[in-house]
Amino acid sequence: MPPKAEKGTVKSVDIIDCSDVEGGAVVGMTTTSNTTASHPSPQLQRTLESHSFWKAGAYDVGHTTKRPPDDGQLEHARVHPKFLHSNATSHRWAFGAIAELLDNAVDEIHNGATFVKVDKIDVMKDNSPALLFHDDGGGMPPERIRNCMSLGFSSKKSNTTIGQYGNGFKTSTMRLGADVIVFTRATTASRATQSIGLLSYTFLRRTGQDDVIVPMIDFDVSGHWAEPIIYGSQDDWSSNLKVILEWSPFPSKEELMLQFEDIGPHGTKVIIYNLWLNDEGIYELSFDDDDEDIRLRDEANQGGLTNLRRKTIELQSHISYRIRYSLRAYVSILYLRKFSNFSIILRGKPVQQLHIADELKYTKVIAYKPRLGGEESEVTVETTFGFVKEAPSIWVSGLNVYHKNRLIRPFWKITADGSSKGNGVVGIIEANFIEPAHDKQDFERSSVFVRLEARMKQILLDYWKNHCHLVGFQPPSARAHHEQKQSHVQLSVGLAANVEQEVVQPMDGLPTNIGQDVSNGYPGSQEKLTSRDGPGSISIDQICEENIQLFVRCEEHMQKEEELKQTAECLEKELEEAKRKLAQISSYLETRRKQKMMGLQIEKF
């Protein structure tokens, strides 16, 4: 039993973080503190200077005091509320934070979870949007929710669970919004409990706290009604409830209890509110563009240009591009293997899982044996490579690396920039032998990872070399041993037919006969042609490079032309508005002049 807290206090957290605690997604291990949370002195009150995530931590930490430990007790480190924000900056984008919360629900499958719902709800206090995560997993009893509230605590060490660092819940929720409230219900042995926990950056900042305070209350629901579970005193329990009611979206105990009605006998509900804004002062997450999706507003706006080339539009419709701004697209490839009895329901509609390998053609499975610890390992990993179905129309390429069924690096480009080799080839590998970074969006650059990158690049290029003819390219070959009997392309006077072939990416606007090997009959292939004399030589690569530069300049001019048209339209509208105002002012002045003349005439009479 925890030590009894003094009256008028709420419990503060010595954060040891536990985002991935087994049983759900919530927050905190507690110790007692003499900090009065609900009514701070006026000089301690502080507001959130910015509602943008990347600016919310930019404030000065004032002088803090800490009473010395009692005799026989050891010193312990405290965690300032500012750490909640700096810790959350490990997530570079919002979808990575959402994926962490989905992982917690997926890890509950072994506890009977059959769904996780992700939705937008409205906060009645201020009519602002909030983000809801609801799963029907095992839920968390009181001791587990307290472990989960602690930084670094995690009981997930099995090969089937994704979470392991004990940091994901805090970083992910604080990355999406300033505040989160958790409702969880669980049954252990013959006892059924339900708990509520509040992690509020707004509360900690506005009350000037210099330690992380996480109010929590528990109920025993084994009987016909909910009985409060009192660990210290009734005043302690009431103090925690008061803070929750004051700083959560639910101003009454009755409204809090209503949140358990759709949880059932077990499960967890996470509500993130006071969502962060972008630099333009609007919500970072967009809920209005698509009623069945959640979008990253800034990323989605980048794809909204008009008069785009056809190939650009085709590229933006591909899954590799849509995952940048569409949560539904990102979640569809987030897990490698399809679930049999589990659904991810986004805004009321289940997400249809997409296996990337099913979207490829001419696929080939290649075995890879990683070297671990400097010696050959018995582990054999299967990798799948193939061309995207749209090739050669669009040239999406890259390697999709999963870890324990979870996507870590999507469409990772491992070939050299500017090289046409490997274009259109996509690979899939589940690399459980390397550890992901804390945000689960990348891998630590260890020696094993470096070897993986080098080997995957070699496999990809070998696959492309042996299969590129299937999508219309002539495979590369060594320098010709004899002079070609027919010259394929006469590019300049004295150009010889001694050919060294190298595949390059086809570009719009090139003549169809350039680089076409009539003798081998592979349409669309291109060659590097070299003059026997050396000086004056020219290659298809050089022509393609010039074409690329010309097309880039063309695109820039088209975009500038569109911008100039829009500017001209705006100026015309402003001119029309100015003319209208000028006419109004002229009419007004004429009327005033006539009135003045009439007034002078009246005075004369």
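# Questions about a predicted model

Guide: Proline 392 has its place in the loop between strand S18 (381-388) and strand S19 (398-403). The model discussed here is predicted.

Visitor: What is the form of the peptide bond from alanine 391 to proline 392?

Guide: The bond that joins alanine 391 to proline 392 is cis, and its omega is near 5 degrees.

Visitor: Strand S19 was mentioned with that loop. Why is leucine 399 called buried?

Guide: Leucine 399 lies in strand S19. A residue counts as buried when its relative accessible area is under 20%. The value for leucine 399 is 0%, and leucine 399 is therefore buried.

Visitor: Which residues does leucine 399 touch, apart from those up to four places away in sequence?

Guide: Leucine 399 touches Phe385, Arg409, Pro410, Phe411, Trp412, Ile414, Gly427, Ile428, Ile429 and Met456.

Visitor: Is arginine 347 buried or exposed, and how do you know?

Guide: The relative accessible area of arginine 347 is 16%. The limit for a buried residue is under 20%, so arginine 347 is buried.

Visitor: What is the phi value of asparagine 274, and in which strand is this residue found?

Guide: Asparagine 274 belongs to strand S10 (residues 267-275). Its phi is near 50 degrees, again a positive value in a residue other than glycine.

Visitor: Why does serine 222 count as partly exposed?

Guide: The relative accessibility of serine 222 is 40%, and serine 222 therefore counts as partly exposed. Serine 222 is in the loop between strand S8 (216-220) and strand S9 (227-228).

Visitor: What is serine 222 in contact with, leaving aside neighbours within four places in sequence?

Guide: Serine 222 is in contact with Ser190, Arg191 and Ala192. The C-alpha atom of serine 222 is also separated by 9.8 Å from that of glutamine 194, a residue 28 positions away along the chain.

Visitor: How do the axes of helix H2 and helix H4 cross?

Guide: The axes of helix H2 (residues 94-106) and helix H4 (residues 168-176) come within 8 Å and cross at roughly 135 degrees. The crossing of H2 and H4 is left-handed.

Visitor: Which residues meet there?

Guide: From H2, Ala94, Ala97, Ile98, Glu100, Leu101 and Asn104 meet Gly168, Phe169, Ser172, Thr173, Arg175 and Leu176 of H4. By class, this contact has six nonpolar, four polar and two charged residues.

Visitor: How many helices and strands does the protein have, and how much of the protein is buried?

Guide: The protein has 13 helices and 23 strands. Of its 605 residues, 47% count as buried. The protein exposes about 30,500 Å², of which carbon and sulfur atoms supply 52%.

Notes
Residues are numbered from 1 along each chain as its sequence is written. This is a predicted model: local features need pLDDT of at least 70, side-chain atom pairs count only at pLDDT 80 or more; totals for chains, interfaces and linings use all residues. Side-chain values use heavy atoms; hydrogens and water are left out. Axes are lines fitted to C-alpha atoms, for helices over the stretch in contact, and angles run from 0 to 180 degrees between N-to-C directions. Helices (H or I, at least four residues) and strands (E, at least two) are DSSP runs, numbered from the N terminus. A crossing is left-handed if the near helix is turned anticlockwise from the far one by less than a right angle, and right-handed if clockwise. Contact means heavy atoms within 4.5 Å. Ala, Val, Leu, Ile, Met, Phe, Trp, Tyr, Cys and Pro count as nonpolar, Asp, Glu, Lys and Arg as charged, and the others, Gly among them, as polar. Buried means under 20% relative accessible area, exposed over 50%, partly exposed in between (1.4 Å probe, protein chains only). Accessible areas come from the Shrake-Rupley method with a 1.4 Å probe; for residues, only the protein chains shown count as cover.
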